[in-house]
Amino acid sequence: MSTPHIDAEAGAFASTVLLPGDPLRARHIAERFFSDAVQVTSARNMFGYTGTYRGQRVSVMGTGMGIPSSSIYATELIRHYGVKRLVRVGTCGAVQDDLALGDLVLALSASTDSAVNRQRFAGMDFGAGASYPLLRAVADQAERVGVPVRVGNVFSADLFYSPRPDMADTLAAMGILAVEMEAAGLYGLAAEFGAEALAVLTVSDHLRHDAHMDVHQRQTGVDAMTELTLDALCQQPSK
Ligand code: HPA
């Protein structure tokens, strides 16, 4: 079988899939963390892999950037490949003064300027929230290994380059922790299809302090976050 955007066989994905934006990051995660990793799709160079981690079957697939691209892959994974748990592992731009580069953010909820959840929800405002069991599993694992995490509301932006210079201040004033580009769409999709979703984010930029990780810091930070997330997910039997 295949779908319009995924050329994998039926059953090729595990019920839990990590979703980085960058398909080369998906390849890196599979090569670095999975045993017996098999590439299961490469349509449009959006690579997906299935392997095992701590004896549990798990998959990773790139989604591209932004809600439209990530929603295509997440929808097809859920509808056609039976995926139940979708965990975005990505980066974000902090807006709170007390967040620093390298900090870990768990997106309890996601505000957005995207209209996707209004389209799903008869024009009303949907409170896009994470799966509590997934959030709890990652937060508990972080506590076990002594890694501090911030849990709260993020903002999933349609525009990476906002034309509004005061946007980060507006978000900070409402308690938003950080900006990224996918979580609100993923959480809306999970609600629509009865799946579970979570976004685990490393602060790679600070939008109000003009601070940015270099390539090496990004790699190290995202690897640490990925390992923490896999350790958390692979302690729970997947459904
Ligand atoms: N904006 C949106 N998404 C991001 C950013 C940002 O500044 N940094 C990392 N992901």
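Visitor: How are residues classed here as nonpolar, charged or polar?

Guide: Ala, Val, Leu, Ile, Met, Phe, Trp, Tyr, Cys and Pro count as nonpolar; Asp, Glu, Lys and Arg count as charged; the others, Gly among them, are polar. By that scheme, the shell around the ligand has five nonpolar, three polar and two charged residues. This is a predicted model: local features need pLDDT of at least 70, side-chain atom pairs count only at pLDDT 80 or more, and totals for chains, interfaces and linings use all residues. Residues are numbered from 1 along each chain as its sequence is written, and side-chain values use heavy atoms, with hydrogens and water left out.

Visitor: Which residues are around the ligand?

Guide: A residue is near a molecule if one of its heavy atoms lies within 4 Å of it. Here they are Thr91, Cys92, Gly93, Phe160, Val179, Glu180, Met181, Ser204, Asp205 and Leu207.

Visitor: Which polar side-chain atom lies 2.8 Å from a nitrogen atom of the ligand?

Guide: The side-chain atom belongs to Asp205. Thr91 places a backbone N or O atom 3.4 Å from a ligand nitrogen. Gly93 also has a backbone N or O atom 3.4 Å from a nitrogen of the ligand.

Visitor: How much of the ligand does the protein bury?

Guide: Accessible areas come from the Shrake-Rupley method with a 1.4 Å probe. Alone, the ligand exposes 260 Å², and the protein buries 90% of that.

Visitor: Which element gives the largest share of the shell?

Guide: Strands are DSSP runs (E, at least two residues), numbered from the N terminus. β5 gives three residues, the largest share.

Note on methods:
A polar contact is a pair of N or O atoms within 3.5 Å; within protein, one must be able to donate a hydrogen and the other to accept it, and residues adjacent in sequence count only if both atoms are side-chain atoms. Helices (H or I, at least four residues) and strands (E, at least two) are DSSP runs, numbered from the N terminus.
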